[in-house]
Amino acid sequence: MNAWLARLTQATYNTTFMYNLRMIIAFAGTAFVPYYLDQQLMTIPLTLGVVAAGLSDIDDRFSVRIMNQIYTYIGFFITAVSIYVLFPHPVLFAIGLIVSCLGWILLGSLGRRYATISYGCLVIAVYSMLGVELFDNWYTQAGLLVIGAIWYGLLSTISFLLFPVRQVQDKLAQSYSSLGDFLFAKSNLFDVDMTPESYQQSMIELSLENGKLIGIFNDMKTALLTRLKGDRGQKDTRRSLQYYFVAQDIHERADSAHIDYQKLTRIFEHSDILFRFQRVLSIQGKACKDLSISILQRKPYHHNKRFKHAFHNLKLSLEKLRQEQQYDEVWVNSLFSLYQNLKAIDAQLRNVETERYIDKQAIIESRLKDDDLKGWDDIVVRFKQHLSPESVLFRHAVRLSIVLFVGYIFVQTTDITYGYWILLTALFVSQPNFNATKRRLYLRIVGTLVGITVGYAILYFVPSVEGQLLLLILSGVLFFELRSKQYAQATAFITILALINFNLDGMGFAAAIPRMIDTLIGCALAWLGVSFIFPDWKFRRLPRTISRSIQAQCNYLAEVVEQYKSGRNNGLNYRIVRRAAHNTDADVASLISTLATEPDFDPAQKALAFEFLCLNHTFISYIAALGAHRDKISDQQVLNLLDKALEDIQGALLRDEVPDLSSQNMLQEIRQRLSQNNDDDQKSLIVLQQLSLMFSVLNQFSQLKQNLSHEHDQASTELASL
């Protein structure tokens with residue numbers, strides 16, 4: 001009995017299992033309740049209501065979750081009724097379609113919760129078009145859609161009450177898993193067989209992994225913030241907050257660069273030291289993966305015993321390098337700094353489970369920056385920020401509105417069978433950027449073709465209503481399980497669900513071929529829209545993104561410099577500037593990584609962009625290393641050097657000034673003084689080394705930024721001609 005209860009408890013820890021169980025219950029209710037009431041037609045809007053509500057579900061604390069659901073149900077009902085009322089009047093319907101689409105998408109400028117609700121309302125709008133003739137009364141379809149959404153919301157709320165911190169723990173586990181991927185990518189920089197080409201590729205991969213990790217950190221912060229607002233005393237939430245801070249600290253240390261990796265591999269290519277550093281980083285990546293699994297399974301994390309042996313041998317190798325005096329002392333000191341940084345990561349991982357550590361860390365300023373709305377003035381400001389073609393959200397709103405309008409005109413003029421699937425396809429496929437839309441086009445077509453083929457077979461070989469309802473449930477569950485992982489497979493299952501739904505009205509076989517045709521037309525409209533209506537490459541503004549990243553890095557460096565004067569402080573302001581620097585670095589990586597998929601982009605400019613991507617992440621890594629070792633120092637000459645270096649770096653990167661040699665001269669003077677002192681100040685040496693690394697790439701970094709900024713004038717000319 002105890003073993004059975006243990007297995008049951010373990011099953012409840014499996015988020016995927018519990019989520020799929022919830023979806024099984026949701027679709028079973030919409031499928032079999034109408035069946036037993038002999039009102040089979042009701043299954044269609046009830047099931048679509050569940051789908052729309054599932055797409056609109058958002059994690060939040062209990063009180064806000066209830067308000068979100070109320071807003072969602074009201075939006076669903078008003079949208080569905082508006083479709084019914086305006087449907088007989090094509091001109092009014094077309095106007096309403098454009099206005100509502102613009103309004104719903106721009107509502108997303110107010111925040112994630114509003115963007116999710118507005119997307120659900122857009123989905124309900126098209127679903128209502130598909131079923132507008134199924135029922136006679138204006139309120140019937142709208143009411144059933146909302147009932148389906150309420151049914152899903154009830155199950156979602158019960159799940160939340162049973163497992164209130166499940167979403168936070170899942171995101172926390174995802175954070176450590178992604179942190180492990182980042183450490184694996186970082187270990188590739190210690191490859192002794194590295195070539196200039198492989199180095200650039202490794203840096204690009206590291207930068208992209210960093211971007212993914214930063215996105216997950218941002219989601220984690222949002223989930224924590226809403227929980228902390230709801231219950232600041234909840235132990236599990238507080239513990240998750242400390243885990244989050246530990247992950248951020250590990251990331252800053254892991255992202256640190258104490259050395260030029262290309263030179264490092266050339267100098268130490270015949271030594272075992274690089275292999276040892278690479279091995280430690282790899283097993284630390286594995287440790288983060290193990291910690292992620294422990295969080296998911298609610299089991300204690302056990303630190304790998306191999307670390308002690310690995311660090312012992314690494315230290316012996318470092319001491320041997322120093323004794324041999326074969327290598328420049330600067331390089332050896334940098335390797336020792338890297339060793340200390342990895343030891344600090346090891347300490348974080350080793351102590352993350354101990355209550356004593358949690359209590360110690362709780363002393364740290366634990367506020368998170370609140371990005372929620374602050375009132376009507378904040379609402380107006382956020383809307384105004386997006387009322388321009390410069391805004392990605394505005395371009396997407398205008399683009400999708402026009403695409404849906406053209407699709408509606410096409411349906412009205414051709415009277416094509418089940419034509420509103422064209423609008424549904426365009427809605428699901430259209431994404432804010434060209435690259436994402438292009439990828440979804442292919443996956444949507446393949447998924448629909450597979451879904452129709454399988455759906456035909458199901459309708460033919462499973463003629464019973466009961467059997468089809470069971471397969472409807474299975475298709476719905478698999479759609480939600482795969483929609484964020486395998487879009488083509490998810491499309492296939494939602495196509496099967498749609499065919500079974502329409503077969504309840506006796507139109508399953510007749511709907512299959514029209515759905516394929518409508519999908520192709522919808523995909524074509526989406527492609528034309530993203531290619532010719534405010535295309536991304538006319539509004540890329542790479543120089544602007546670069547400028548924001550450089551400004552954020554300078555702010556980060558300024559805060560680090562300040563803490564060398566006042567002492568280490570992990571307070572809110574430091575975490576804000578650090579997060580901003582990494583966010584903008586991730587923006588640069590995301591933007592540049594899409595360039596290869598966009599037409600009409602100069603190959604030479606693209607090569608410069610990827611070179612800048614590598615150098616941009618290298619520079620923030622140098623700052624991160626300086627930040628990882630930040631602590632109050634008393635050497636006034638070093639503090640003066642930090643101020644002068646900050647001034648030179650800001651001048652070169654923000655104002656395109658040519659830095660003078662005074663900082664480099666000061667750096668050499670201090671280095672000589674410290675080298676003559678037997679009691680070397682290790683903190684000061686680390687500062688000197690990191691500033692040396694920054695100055696070594698500063699001219700190249702500044703020149704790349706200036707070269708890429710030439711695009712700004714061309715883009716402005718193109719924008720003015722639109």
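Guide: Helix 12 and helix 13 make a left-handed crossing, a term used when the near helix is turned anticlockwise from the far one by less than a right angle, with right-handed used for clockwise. The model is predicted: local features need pLDDT of at least 70, side-chain atom pairs count only at pLDDT 80 or more, and totals for chains, interfaces and linings use all residues. Residues are numbered from 1 along each chain as its sequence is written, and side-chain values use heavy atoms, with hydrogens and water left out.

Visitor: How many helices and strands does the protein have?

Guide: The count is 28 helices and zero strands. Both are DSSP runs numbered from the N terminus (helices: H or I, at least four residues; strands: E, at least two).

Visitor: At what angle do helix 12 and helix 13 pack, and how far apart are their axes?

Guide: Helix 12 (residues 273-297) packs against helix 13 (residues 306-324) at about 155°, and the axes are 10 Å apart. Axes are lines fitted to C-alpha atoms, for helices over the stretch in contact, and angles run from 0 to 180 degrees between N-to-C directions.

Visitor: Which residues of helix 12 and helix 13 meet?

Guide: On helix 12 they include Ile273, Phe277, Val280 and Ala287, and on helix 13 they include Phe307, Phe311, Leu314 and Leu321. Contact means heavy atoms within 4.5 Å.

Visitor: What places lysine 343 over the face of phenylalanine 311?

Guide: Lysine 343 lies 5.2 Å from the ring centre of phenylalanine 311. A charge sits over a ring if NZ of Lys or CZ of Arg is within 6 Å of the ring centre and within 35 degrees of the ring normal. The charged end of arginine 630 is placed likewise over the ring of tyrosine 574, at 3.8 Å from its centre.

Visitor: What makes helix 3 roughly antiparallel to helix 6?

Guide: The axes of helix 3 and helix 6 (residues 112-130) cross at roughly 160° and come within 8 Å. The angle therefore puts helix 3 roughly antiparallel to helix 6. The crossing is right-handed. Leu48, Val51, Ala52, Leu55 and Ser56 of helix 3 make the contact with Thr116, Tyr119, Gly120, Val123, Ile124 and Tyr127 of helix 6.

Visitor: How many aromatic pairs does the structure hold?

Guide: There are 25 aromatic pairs. In one of them, tyrosine 35 and tyrosine 36 have ring centres 5.3 Å apart and planes at 70°, so the pair is edge-to-face. Rings of Phe, Tyr and Trp (its six-membered ring) pair if their centres lie within 6.5 Å; planes under 30 degrees apart count as stacked, over 60 as edge-to-face and the rest as tilted.

Visitor: How exposed is tyrosine 36?

Guide: Tyrosine 36 has a relative accessible area of 66%, so it is exposed. The classes are buried under 20% relative accessible area, exposed over 50% and partly exposed in between (1.4 Å probe, protein chains only). Tyrosine 35, at 24%, is therefore partly exposed.

Visitor: Why is the pair of tyrosine 408 and tyrosine 420 called tilted?

Guide: The planes of tyrosine 408 and tyrosine 420 stand at 35° and the ring centres are 6.5 Å apart, so the pair is tilted. The pair links distant parts of the chain, with tyrosine 408 in helix 17 and tyrosine 420 in helix 18, 12 residues apart. Both tyrosine 408 and tyrosine 420 are buried. Phe87, Phe93, Tyr408 and Tyr420 form one aromatic cluster.

Visitor: What makes histidine 582 buried?

Guide: Histidine 582 has a relative accessible area of 2%, so it is buried. Histidine 582 lies in helix 24 (residues 572-593). Leaving aside residues up to four places away in sequence, histidine 582 touches Asn210, Ile214, His251, Asp255 and Ile620.

Visitor: What is the phi of aspartate 38?

Guide: Aspartate 38 is not a glycine, yet its phi is positive, about 60°. Most residues other than glycine have a negative phi. Aspartate 38 is in the loop between helix 2 (15-36) and helix 3 (43-56), and its 66% relative accessibility counts as exposed. Aspartate 415 also has a positive phi, of about 55°, and is found in the loop between helix 17 (392-414) and helix 18 (420-429).

Technical notes. Parallel < 35°, antiparallel > 145°, perpendicular 65-115°, else oblique.
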